[in-house]
Structures are given as C-alpha cells and as structure tokens.
Amino acid sequence: MSTSTFRTAVVRTPGGPDSIEIIDVPIVEPGPGEVRVAIAGASVNPVDLGVAAGVFHGMGLVNQPEWTGLGWDFAGTVVAAGPGVDLAVGTRVAGLVDGFDRDFGTYAEQLVVPAADVAVVPDGLDLVAAATVPLNGLAAAQIVDLRGDALTDGNRLLITGAAGAVGAYVAALAQDRGWQVTGLARPHDEEFIRGLGADFTSQAEPGWDAVADAAVLHEQALSLVRDGGAFVGVQPGRELASERGITVAVVVTHPDGPRLAGLLERTASGELPTRVHAVVPLDQVADAHRAMAKGGVRGRYVLTPKT
Ligand SMILES: NC(=O)c1ccc[n+]([C@@H]2O[C@H](COP(=O)([O-])OP(=O)(O)OC[C@H]3O[C@@H](n4cnc5c(N)ncnc54)[C@H](OP(=O)(O)O)[C@@H]3O)[C@@H](O)[C@H]2O)c1
C-alpha cells in the first residue's frame, strides 16, 4: 500500500543537534520539469551543522514559518517524473539542493527537484558514494572556475584544508587547469594529499600565486597570497577585503546537472576519490552531527532513510 506522507529531518527552533526532529510531511507530485526521488543517501556537510545551530537564521537568511529543511546532497532513484522530463522511473540520480530558506531538504525519504539539477549515477558507483559528490564536487569545480587557468606569471596554488571534502576535489580538479597544487593539511593526511597528485605541507609560508581557502582560515590564508595573486574563499557573507592587489572571490555553489554528471563519471572511474566515512540511519542524524562537530572526520557521514 502506498503512503501519502514521508519522513524528513528539520529544525523548528535551531539549537544544534538536539533540535533536529524527524517529522512526517505530505508527498508532493512533481510538476513540469521536476522529478520525485526516493532518497538512498544524503551526506552530512558542515553547512547542515550551521543550519541546525541557527547560524543562517541569525544572518537573516532563513525565514520559514514552521520549520527549516536540512541537507543539500542526495542520491536516489526516480519514482515519478513530471511533464517534459525524460528521466524514466527507476533511473539512479544524484543532485544538490541549494539555498538556506526552505522547508525541505535532502535528509528525507523523498524529494521533488528540477530534473535539470540532477545527474544520472553511472553504473558501478553506488548511491551512498554518489551522495557524497554533488555539493563538494560542484563547490570545487566552481572554485576552480572562479580562479580560472593558472596565471601566466605563476601557477603555485595552495589549498587549505586539502584533506577535507571541498579541498580534496579542488586539489584534483585544479591540476586540469594548469595549477601546480600544494595541499595544506594535518601531518597524518600527507599520504592522501600526495595520492591526489598534489604536493603536501602542514605549515605553509607566504608567497603563493593563489590560495583556495577550504579550511576557512580567512585572514591567515589571505596573508599567504603573494602581492597581486588570487584568493578564493568558501563562506559567502564573510568575504575578505582585497589587499596588496590580490583578487578576492568567494564561491556560492549552485546546482549544475551536466557538470555533476562529469564529476560522477570521474568518481566511478576512480579518478576522483570516493570518501564515505560511515552510513547512518536517518533516525541517528543528531549523532552524526555531533560526531562531525568534533572535527577530524575524513569522508562523509551519509544518512540513509532505509532502516
Ligand atoms: N560557499 C559554498 O558554496 C560552499 C560549498 C561547500 C562547502 N563550503 C564550506 O567549505 C568549508 C569546507 O567544507 P568541507 O566539507 O570540505 O569541510 P571538511 O571536510 O570538514 O574539511 C575541512 C578540512 O580543513 C581541515 N583544517 C581545518 N583547519 C586546518 C588547519 N589549520 N590546517 C590544516 N587543515 C585544517 C580540517 O581538518 P580537521 O578535520 O583535522 O580539523 C578538514 O580536513 C566549510 O566551511 C563549508 O561550509 C562552502
């Protein structure tokens, strides 16, 4: 028998992991250009901890009357397609839901999203692994786009937090654009960083042509850029002012189905790393948030609504 509701994790009054609730909400049919996806996996990302803690409510970016949805990444199976969609029921897809001000998220059994925002998951890549790709793979691709090709007068790119989800993808993707990449990470991350084809440092000196600041070191990271170099940050709303002729940019990651398809293909082929830390039932979302908050986790917790 089909049910008319599905379970999803939300916060009403944000206050950290303890404020996360699982509620039942009505199933919605997809409209033109949309698909309804049965979610197999949704990654826990730092941004979700921020939403649950009320960081973005405090910045005035959330204005929901009842509750706020959690989760940006998902992978699952198409269960219904609206008019004008050429994805068949049963197709395995992954995608990204962006923006803070929404009453739904990917921490759920189901989701309705624009078909243009999803990509087909290639055979050979499981849905849990695929769920770790969209937000951070696209963030990295869009960071590399913001930075562009290596500068004519210097191609040394330092990535702070290169062992993290965003940083590792930037380390891999920036090499395509001619950058000579060095990853700043913890000493025990050296083997992983070198495995990405990057150089490694646990203590960077100033003088880099460009810095991508995935560890959110802010001013400390900006001070590592040479005069006239380039800096890309990851926290919109906390942009740094330019200094010493440095070009400063910040990424605002947006869905991009075709781009995601390429990232999933490269993950399936083993060219990009697959980084699942643990699979956790949706009911244990608060525990996953607490574990992430401690830091030091490599790879993602992936929530699964299946019990
Ligand atoms: N603007 C956007 O559209 C967008 C999109 C995606 C992500 N983001 C943001 O990007 C940031 C990174 O996300 P993520 O998912 O990659 O986080 P993550 O997986 O937790 O990675 C951060 C990495 O930085 C490392 N780190 C922190 N301080 C360091 C230091 N002083 N030296 C060396 N390494 C250090 C951490 O190591 P430890 O764990 O050992 O501390 C961790 O490996 C988050 O703030 C996230 O919200 C923004």
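Modeller: Let's start with a polar contact: a pair of N or O atoms within 3.5 Å; within protein, one must be able to donate a hydrogen and the other to accept it, and residues adjacent in sequence count only if both atoms are side-chain atoms. Here, a polar backbone atom of V234 is 2.7 Å from a nitrogen atom of the ligand.

Colleague: What should I know about the model and its numbering before going on?

Modeller: The model is predicted, so local features need pLDDT of at least 70 and side-chain atom pairs count only at pLDDT 80 or more, while totals for chains, interfaces and linings use all residues. Residues are numbered from 1 along each chain as its sequence is written, and side-chain values use heavy atoms, with hydrogens and water left out.

Colleague: How many residues are around the ligand, and which come nearest?

Modeller: A residue counts as near if one of its heavy atoms lies within 4 Å. There are 25 residues around the ligand, and V234, V251, T253, G296 and R300 come nearest. Helix α4 gives the largest share of this shell, with 3 residues.

Colleague: How do I read helix α4, and what is its length?

Modeller: Helices (H or I, at least four residues) and strands (E, at least two) are DSSP runs, numbered from the N terminus. Helix α4 covers residues 134–147, which is 14 residues. The expected span is 1.5 Å times one less than the number of residues. For α4 that should be 20 Å, and its end C-alpha atoms are 20 Å apart, which agrees. After the helix comes G148, whose phi is positive, near 75°.

Colleague: Is α4 mostly covered or mostly open?

Modeller: Mostly covered: 12 of its 14 residues are buried (under 20% relative accessible area; exposed is over 50%, and partly exposed is in between, using a 1.4 Å probe and protein chains only). The buried residues of α4 include P134, L135, I143, V144 and R147.

Colleague: Where is T8, and what does T8 contact?

Modeller: T8 is found in strand β1, residues 5–11. T8 has a relative accessible area of 4%, so T8 is buried. Contact means heavy atoms within 4.5 Å. Leaving aside neighbours within four places in sequence, T8 is in contact with E21, I22, I23, V25, G105, Y107 and A108. The T8 side chain also reaches the backbone oxygen of Y107 at 3.1 Å.

Colleague: Which backbone atoms lie beside the side chain of S19?

Modeller: S19 is in the loop between β1 and β2 (20–26). A polar atom of the S19 side chain lies 2.9 Å from the backbone nitrogen of G15, and a polar atom of that side chain lies 2.6 Å from the backbone oxygen of G16. At a relative accessible area of 14%, S19 is buried. Not counting residues up to four places away in sequence, S19 touches V10, V11, R12, T13, P14 and A52.

Colleague: Where do V216 and H218 sit, and what is their phi?

Modeller: V216 lies in the loop between β12 (208–213) and α7 (219–222), and H218 is also found between β12 and α7. V216 is partly exposed, at 29% relative accessible area, whereas H218 counts as buried at 11%.
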